Amino acid sequence: MSARRPVSVTLRVEPGSDLPADERAAVLEAVQACRSLQGSLLPVLHAIQDRLSWVPPRAVPLIAFELNLSRAEVHGVLSFYHYFRQTKPGRHVVYLCRAEACQASGAVALEAHAKRRLGVDFHGTSADGRYTLEPVYCLGNCACGPSLMIDKELHAGVTPARFDELVAE
Amino acid sequence: MSTTVYVPRDATAVALGAEAVALAIAAEAARRKLDVRVVRNGSRGAFWLEPLVEILTGDGRVAYGPVHASDVASLFESGFLAGQSHDLGHGAVESIPYLHKQERLTMARCGVIDPQSLADYQAHGGYAGLKAALALDGATIVQVVTDSGLRGRGGAAFPTGIKWRTVLDTQAPQKYIVCNADEGDSGTFSDRLLMEGDPLCLIEGMSIAALAVGATRGYIYLRCEYPHAHAALNAALAAARGAGFLGGDVAGSGRAFDIEVRLGAGAYICGEETSLLESLEGKRGQVRFKPPLPAIKGLFDSPTVVNNVITFASVPIVLARGAAYYRDFGTGRSRGTLPVQLAGNIKRGGLVECAFGVTLRTLLEDYGGGTRSGRPIRAVQVGGPLGSYWPESKFDTPLDYEAFTQGGGMLGHGGIVVFDDTVDMAAQARYALEFCAIESCGKCTPCRIGSTRGVEVIDRLRAGDRPAQQEALLRDLCNTLTHGSLCALGGLTPLPVLSALEHFPEDFVKPMAAMAAGS
Ligand SMILES: Cc1cc2nc3c(=O)[nH]c(=O)nc-3n(C[C@H](O)[C@H](O)[C@H](O)COP(=O)(O)O)c2cc1C
Ligand code: SF4
Ligand code: FES
């Protein structure tokens, strides 16, 4: 018997083949929908987050492959923008306005109340998995603060009591 | 005959319950077998009256507000469909003093028309500006805009005509029109109000810009915090495209121009124009060095007009009525009107469009009616998070770019945030630095790191830890920010910080020390 010869094998892993099916589909659909756009990375990330509610970091190689970008470029963009999430949120995201006009109308107290009520700090998700709390810097509702947005629904004049009603719904 | 009822679809009106009101009106009308047509207009901007319901009567539009769904039955009962009186009634909408006294040029149609209806838009003077522009060559359009004295409403107040001239004069196979709809400043919502209430006006303004400089593609970079505006813009773009006002042959001119909306992703710095262009190109929103100017080398290295929403939306009336008409409003080098936004702790918050020259006091007292809390106004911040905090002694400053700069502040995008006497100004100064740290694009060290150091210095100052030393350190840090920053985020953060320190020094003293000093 001859001695075993070293064999070199190049493993070609298809980008995204390790992704859960829904994530893979979301990325491919997003890329497809934005294919014709110039500078399409932000629209693609938006489309993925619209579908999944976050952008899983493990999807970065597939996004990069599909858009012909480097992983570093995709990761750099994904991590630059506050809105893009790299962790899965709760069922709803509460965007609480922290900016000056809302501060002038009671936002600081509302922020403290919201954190206590949900038992989280900013970016955290309540233990029941229902709400993720995110800070936001102005929602354009500055004459009627404190303001917050739950998913895409805007609320004005949110007192702590009103907050409790909203998250109880 | 059917009665027309207007219920705003504006985001603030909806946040205050307008959807439920619209549904309740339709349901109550059905129950009473009355023929009612509900039109979803934008908001007129008198937010303390929202949801503001209007009835079209033989004598014009009659207003009721703020209307809650639970008021609807009683409104029907007292005959509001015929404009009858009710506790919530205000009579003819145009006679409401807050609206009556304004000088609405740019925002004239907001709250008046159905924002999705091209017919309504044209019936109220829409597309008259584009028609006028189509009879002129590019250089003449640019001249009209220059002569109007219009300056950029996004913050820097650069003369719009001069920017357009640069793009016109730069030869290139492709040019772009980019609308800055990032509206990141706290206390501002005029862009949003216009995009929701009269989006075709923005589209018309951008189309005129395209004709002027020879651009064929436009982008609206919209902050993702504005889903209502997003929907309104897309509907209006479809309407304009469907009627041939966008596309391969704009209004039969043989010229091509179309617009696409792109969403931001929650980064304040992407309101800065070069960062915005990076973002549109699909990159991190990092500020570019200037030169080259975006007007010469902008989006995808092509000559690009970047203007704010209100700037573009002011162009149609300039073309339709002439440069002199617009320029005759205003004062000094601030020509025309500014849609001011009254925000924060204010009794009658909302949008007030006035000719430049009106004083801060008139806006705060006559329009705003003082604070919502009923307590005295202690401070206002004008011009967004990078604007100065001013005390009452400065309220006679006229609305004028130069007057504000001279007073150590800035007018910016025209947001006025009101604080009552419970405000802690050291906390506001601390927040300004915290905001700078959160939103820094990371390119300059003072902005990226110095801002966080500043927060720590203020904390030590308030704790009474060697206060004189901390104050010197804070001033030094601000000096470094002013001189060591590539853009106004780092460069102007010292404005709110130092103005708070200058005008409200008592708030920076440790409470114990203050008490001791006072006793
Ligand atoms: C930190 C920073 C944020 C800005 N944010 C905005 C914004 O949200 N909207 C805007 O129109 N301009 C904003 N600007 C001003 C833009 O850089 C630019 O001057 C403007 O878009 C030009 O349009 P205009 O001449 O019509 O004002 C910002 C500038 C800086 C430095
Ligand atoms: S000042 Fe701040 S935001 Fe502006 S370029 Fe420098 S690091 Fe970026
Ligand atoms: S500051 Fe909160 S909505 Fe504008």
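**View 1. B:R430 and B:E434 form a salt bridge in this predicted model.** The closest N and O atoms of B:R430 and B:E434 are 3.9 Å apart. Both residues lie in helix α17 of chain B, which spans residues 425–439. They sit 4 residues apart, about one turn of the helix. B:R430 counts as partly exposed, at 26% relative accessibility. B:E434 is partly exposed too, with a relative accessible area of 21%.

**View 2. Salt bridges that share partners build one network around this pair.** From chain A, the network takes in A:R98, A:E111, A:K115 and A:D121. From chain B, B:R430, B:E434 and B:D459 belong to it.

**View 3. A salt bridge links A:R162 to A:E165.** Here the side chains meet at 2.7 Å, N to O. Helix α7 of chain A, residues 160–168, holds both partners. The spacing is 3 residues, about one turn of the helix. A:R162 has 29% relative accessibility, so A:R162 counts as partly exposed. A:E165 is also partly exposed, at a relative accessible area of 45%.

**View 4. B:E281 pairs with B:K283 in a salt bridge.** Their closest N and O atoms lie 2.7 Å apart. B:E281 counts as buried, because its relative accessibility is 13% and the cut-off for buried is under 20%. B:K283 is partly exposed, with a relative accessible area of 36%.

**View 5. The whole model contains 45 salt bridges, counted over all chains.** Side chains of opposite charge can pair when their charged atoms come close. Among these bridges are A:R162 with A:E165 and B:E281 with B:K283.

How values were computed: Residues are numbered from 1 along each chain as its sequence is written. Chains are lettered from A and ligands numbered from 1 in the order in which they are written. This is a predicted model: local features need pLDDT of at least 70, side-chain atom pairs count only at pLDDT 80 or more; totals for chains, interfaces and linings use all residues. Side-chain values use heavy atoms; hydrogens and water are left out. A salt bridge is a side-chain nitrogen of Lys or Arg within 4 Å of a carboxyl oxygen of Asp or Glu. Helices (H or I, at least four residues) and strands (E, at least two) are DSSP runs, numbered from the N terminus. Buried means under 20% relative accessible area, exposed over 50%, partly exposed in between (1.4 Å probe, protein chains only).
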